[in-house]
Amino acid sequence: MVRTQLLVVGGGPAGLCGAIEASRRGVETLIADEGVELGGQLVKQTHKFFGHEGFFASVRGFEIAKRLKDQLNEHVKIMLQTTVVGIYEDVVVLYDRQSDATFEVQADYILLATGASERFIQFENNDLPGVYGAGAVQTLMNQFMVLPGKRFLMVGSGNIGLIVSYQLLQAGAEVAAIVEIADKVGGYDVHLRKVKRFGVPILLRHTIEKALGKERVTGAVVVQVDENFQPIEGTEKEFAVDAICIATGLVPSVELAAMANVKIEYVPELGGFVPYRDQNMRTNVENIFIAGDLSGIEEATTAMIEGRIAGLTIAQSITKMDLSKEIESLQNELVEFRAGPFSEKVRKGLSKFFPQRLVEYSREPQTDTGPIGKLRPIIECYENIPCNPCQTSCPTGAIEVPKNINSLPRIDYEKCTGCGICVSKCPGLAIFMVQENVEQGFDLVVVPYEMLPLPEKGERVVALSRDGKQLCEAQVVKVVRFPHMTNLVHLKVPSGFATQVRNFRVKKRENVFVCKCEEVTLEEIEKAIDLGFTDYEELRRYLRIGMGMCGGRTCRASVLSILSRRLGKSPEELLKGHFRPPIMPTKFESILRGESNEV
Amino acid sequence: MRRILEHPILKRRSTRTVKFYFEGKELEALEGETVAAALIANGIDVFGETERGRPKGFFCAIGKCSSCLMIVDGEPNVRVCITPVKEGMKVQRQFGRSDVSW
Ligand SMILES: Cc1cc2nc3c(=O)[nH]c(=O)nc-3n(C[C@H](O)[C@H](O)[C@H](O)COP(=O)(O)OP(=O)(O)OC[C@H]3O[C@@H](n4cnc5c(N)ncnc54)[C@H](O)[C@@H]3O)c2cc1C
Ligand code: SF4
Ligand code: SF4
Ligand code: FES
């Protein structure tokens, strides 16, 4: 039998924060987590968080997990690969996988922070290998760096569906489409824009009808639905994919709470069945607290705040210290975080347990796009989400998120020096920079970029629109690397395109041959043209292009059109090169034999 | 190849390899990863069969759904998504509920 003052079940953001606050006040704490490392869902989150600096805004999830672990002190014991399997009146039973044995813990207080599990949905063959939870795919690719497929279909467009889609692209996979049964995307607009500008199709009012395949997924059938979410016959579309990600929501893991006599209520706005709790995260059972996704599906920042509130309240009960000020200030933080339109559901759900307070925020968007010709940021963040790193990162105070973090950011172009810090800090990747007429006929666009390969200075890339459509060619004029991996790529685009270009595609150049005989690639030709070999004859001498066995019949036309594109000249203006016999390789032997024939 | 070799944000944590056996065949895994991750990396998606004889793979990868039960070193019903792979481990597909020893 192990004795502890506090048992924390689950070492995700909620449980860790509870343990941090309690142990800081000297409470002997034991954290049990069934995973192989602490951090819960955070360890697989590679994107930067929203929120404000006090709660790790603009820090990537897995980094947050590390920082939280570092805050645990000597009063904390950690047991990994240990599942809490039962809670009885006087004792808690744990199962340790490593020793393959159960043991008992007696705790004065219990904080349940067990998180949630992924909602499973019903469609034909949904049990086939290849149908995976979106969080599961995220675990494999971001925690273990293994991709369980090449081409994915994402079902669900909430934040998880959008984020995991983006992360799949980062890992080098393809996302065939995101399907969403509702008539609008569920997640944040800034997350949506991140995937849209890579051309990922979003199919609204669509759902998955069946997975195809015998041993594993080889495809998926998607169908349109009517107002009652019923499939419309004849609208089926088939996708050739080798994995299907289900991102249709999470369900709180209430089992332990329920067996501990905590009142479970049905609150659909919070994710279904959730335990009752008050503002201090205390349940109806005096010494049992809950926090995080278990208390209602939300996100990691609110999970951390709830965990802290629970930890402080427990410490207050045990040590009799007065921590009411700290608790109250965190409760106010929660009110702020939940003030925006995206938290409306959560507010409604929570109002079943205790009254909700509202705070005001500004809905006024930035309308001014700044002085033409100045290098300046353009903020494309139009939804009231709880986030303000743009404001706090700007060294000159040019960006303001007025009143509260749910307000829309506004920029004072007079104060802005064009340093670009806000562009790389914004977790929504929603800030770009533009400058008109950097050169005769050219504008500059700066985009935040988190993909590989990173282009090189001087490289030509394909400029893409907000929808991922090809717009024009652009030249990379500068690449600014940042230690937190959101790099800034400066693109020179033809005049007038600065308002449209928001992304680019690196041209795939490996093994793209123009001349097969001499094995000359497109990249080599483009580089040579940039070096100043600007007509066919020069290229031929430099690269041996057209000097192979086919006598240039395969490559001559291609080279001329590449020259024409690259130099902006019409094909007529270009020298077509000399034509010399023979047009087909003819052996000297044959020629000699022929000559002797004539004799 | 299912391993992500280059990533814009993440760095590889371990390059030390361990050997394990899947259905008697020797495979390579990276130290610290789960059996499920190692199998997927080796191109194995089918972890077993259900009672009805349908193929089974993982689903949640965090120990919640029990979709990934396999026989590990003779022990049935092991959730391989939260079981770290070890040198010499013997992993087998599980058919149905296997011999449960509750
Ligand atoms: C795919 C995905 C993407 C997300 N993206 C974002 C995002 O971008 N921004 C954001 O703010 N939030 C995001 N979230 C939500 C956020 O991760 C969660 O809200 C947050 O992790 C909840 O924290 P938690 O501590 O309650 O639960 P979790 O992080 O899930 O932690 C629960 C822990 O409890 C352990 N556990 C469960 N049951 C037991 C048991 N019986 N015994 C022992 N241990 C147990 C689990 O192993 C786990 O480690 C995302 C969630 C998912 C699933
Ligand atoms: S570019 Fe620099 S100065 Fe201008 S708003 Fe952004 S951070 Fe502030
Ligand atoms: S622009 Fe500001 S408020 Fe909007 S996502 Fe970026 S940092 Fe957050
Ligand atoms: S895949 Fe769900 S428990 Fe392993």
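Begin by selecting Lys320(A), which adopts a positive phi of about 65° just after α7(A). The model is a predicted one.

α7(A) comprises 20 residues and spans 28 Å from its first C-alpha to its last, close to the 28 Å expected at 1.5 Å a residue. Colouring by accessibility will show a mostly covered helix, with 17 of its 20 residues buried.

Now display ligand 1, which lies between chains A and B. Within chain A, the ligand also lies between two domains, because domain 1 (2-116 + 251-350) and domain 2 (120-248) both give residues to its shell.

Select the residues around ligand 1. There are 34 of them, and those that come nearest are Asp33(A), Gln41(A), His47(A), Gln138(A) and Asp293(A). Coloured by class, the shell shows twelve nonpolar, 16 polar and six charged residues.

Zoom in on the oxygen atoms of ligand 1. One of its oxygen atoms is 2.3 Å from a side-chain N or O atom of His47(A). Backbone N or O atoms are also to be found here: that of Ala300(A) lies 2.8 Å from a ligand oxygen atom, and that of Ala113(A) lies 3.5 Å from one. Taken alone, ligand 1 exposes 990 Å², of which the protein buries 93%.

Finally, select by secondary structure. Which elements give two or more residues to the shell around ligand 1? In chain A they are α1 (13-24), β4 (82-87), α3 (134-143), α4 (159-170) and α7 (300-319).

Conventions: Residues are numbered from 1 along each chain as its sequence is written. Chains are lettered from A and ligands numbered from 1 in the order in which they are written. This is a predicted model: local features need pLDDT of at least 70, side-chain atom pairs count only at pLDDT 80 or more; totals for chains, interfaces and linings use all residues. Side-chain values use heavy atoms; hydrogens and water are left out. A residue is near a molecule or strand if one of its heavy atoms lies within 4 Å of it. A polar contact is a pair of N or O atoms within 3.5 Å; within protein, one must be able to donate a hydrogen and the other to accept it, and residues adjacent in sequence count only if both atoms are side-chain atoms. Accessible areas come from the Shrake-Rupley method with a 1.4 Å probe; for residues, only the protein chains shown count as cover. Helices (H or I, at least four residues) and strands (E, at least two) are DSSP runs, numbered from the N terminus. Ala, Val, Leu, Ile, Met, Phe, Trp, Tyr, Cys and Pro count as nonpolar, Asp, Glu, Lys and Arg as charged, and the others, Gly among them, as polar. Domain bounds come from an automatic or database domain assignment. The expected span of a helix is 1.5 Å times one less than its number of residues. Buried means under 20% relative accessible area, exposed over 50%, partly exposed in between (1.4 Å probe, protein chains only).
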